[in-house]
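Keep the viewer open as you read.

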Amino acid sequence: MGWGWGSPFSRPSFSTFRSFSMAVWLVAAALFLLLSLGIVFQPTDIPLPFAALRRLPGMGQFRTPYRFVIPATVGLSLAVGAAATYWRARLRPSPAQIGVVLGLFIALAVVDSRSVAPFALQRYPEARIYEEIGAREGDFLVLQVPVGLRSGTQRFGNGDPLQYYQTVYEKRAINAMVARIPRRWFDTYQRSPAFRFLGGEAIGEMEPVERDLNERLQAFNVGFIVVHRTMLPTERLQAIEALLDQQPGLALVREPPTIRLYETSLLAPKGN
């Protein structure tokens, strides 16, 4: 009598163990792959398991959920290996057939690697305006529009790439990509109607935006506002420029083709 799962006292066969391990690794790979997708299913607001995982003790500063792809790849590789061993024992392919299959896999990998760019590139056009800002003395903040903040797991607006220009003007800024930051920092941005509007979000009433903008300009001692026109949709850009143009404390001082530069009346160097 053969051994199998028929009796609680029976001994499972090696093939049964192999099939079970293959299923376990497939389930593990699927779970880790799901965790790697982040907080919500893009481009929707449907929450994913990582949203609950990051609330566990010690997980608040987990930087990049896509790193779960690594154990997902390991699990999938082991499952594929178990499947290949299972079918090889039954089909008994010749060395030539195995070589053809491996050759096809290598060819597909080469085609895939050459069909797409290996890295997404971010181009930063030269902006001499920032050199002029950096030459101004004083401790003030440069407010760049669109406003944006990004961490390894969250995003506000889409202006975080503008952090690059801070290496030129070397003043304070609020646009940034910071790998590990507390979630409450994003709450500060979300509670500001002005930041939400300057980040590209549609706001119904403009009165709270104008009031909050004046408060933020004073609280952060903003010296200049730089609007990057190519990073905003036309309708949103027109609404932002209309808001800034009518503010009594702002003066439009430069208007190159892709950038608008406003200087504030609050530009006042502070001592230490």
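## Leu243 and its contacts

Which residues is Leu243 in contact with, leaving aside its neighbours within four places in sequence? The list runs Phe197, Met206, Val209, Glu210 and Leu213, where contact means heavy atoms within 4.5 Å. Phe197 is 46 residues away from Leu243 in sequence, and their C-alpha atoms sit 10.0 Å apart in space. Leu243 itself belongs to helix α10, and it counts as buried because its relative accessibility is 2%. For the cut-offs, buried is under 20% relative accessible area, exposed is over 50% and partly exposed is in between, using a 1.4 Å probe and protein chains only.

A quick word on where this comes from: the model is predicted, so local features need pLDDT of at least 70 and side-chain atom pairs count only at pLDDT 80 or more, while totals for chains, interfaces and linings use all residues. Residues are numbered from 1 along each chain as its sequence is written, and side-chain values use heavy atoms, with hydrogens and water left out.

## Helix α10

Helix α10 covers residues 234-245, and its twelve residues should span 16 Å at 1.5 Å a residue; the end C-alpha atoms are 16 Å apart, so the two agree. (The expected span is 1.5 Å times one less than the number of residues.) Buried in α10 are Arg236, Leu237, Ile240, Glu241, Leu243 and Leu244. They sit on the same side of α10, because they cover an arc of only 155° around the axis; the arc is that of the directions from the helix axis to the C-beta atoms.

Turned away from that buried side, the face of α10 carries exposed Thr234, Glu235 and Gln238. What do the buried residues of α10 pack against? Their partners are β3, α8 (193-198), α9, β7, β8 (250-254) and β9 (259-264). These labels come from DSSP runs numbered from the N terminus: helices are H or I with at least four residues, strands are E with at least two.

## Helix α9 and what follows

Now for α9. Val209, Asp212, Leu213, Arg216 and Leu217 are its buried residues. Seen down the axis of α9, they fall within an arc of 140°, so they line one face of the helix. Glu207, Gln218 and Ala219 are exposed on the other side of α9. The buried residues of α9 pack against β3, α8, β7, α10 and β8.

Just after α9, Asn221 takes a positive phi of about 50°, although it is not a glycine. Asn221 lies in the loop between α9 and β7 (222-228). Is Asn221 buried or exposed? It is buried, with a relative accessible area of 6%.

Most residues other than glycine have a negative phi, and most peptide bonds are trans. Glu170 is another non-glycine residue with a positive phi, near 55°, and it lies in the loop between α6 (166-169) and β6 (176-177). At 64% relative accessibility, Glu170 counts as exposed.

There's a cis peptide bond too: it joins Val145 and Pro146, with omega about 10°. Pro146 lies in the loop between β3 and β4 (148-150).

How many cavities of 30 Å³ or more does a search of the whole structure find? Two. On a 1 Å grid over the protein atoms alone, a cavity is a set of points where a 1.4 Å probe fits but cannot get out; a pocket is an open set with protein on both sides within 12 Å along at least five of seven lines, and lining residues have an atom within 4 Å of a point. Grid points are joined across faces, edges and corners, and a volume is the space filled by probe spheres set on the points.

The second largest cavity has a volume of about 40 Å³. Its lining is Leu141, Leu143, Ile174, Phe195, Arg216, Leu217, Phe220 and Val222, with β3 (141-145) and α9 (207-219) as the elements that give two or more residues. The largest pocket holds about 410 Å³ of space. It is lined by 17 residues, of which Val40, Gln42, Thr153, Gln154 and Arg155 lie nearest its centre.
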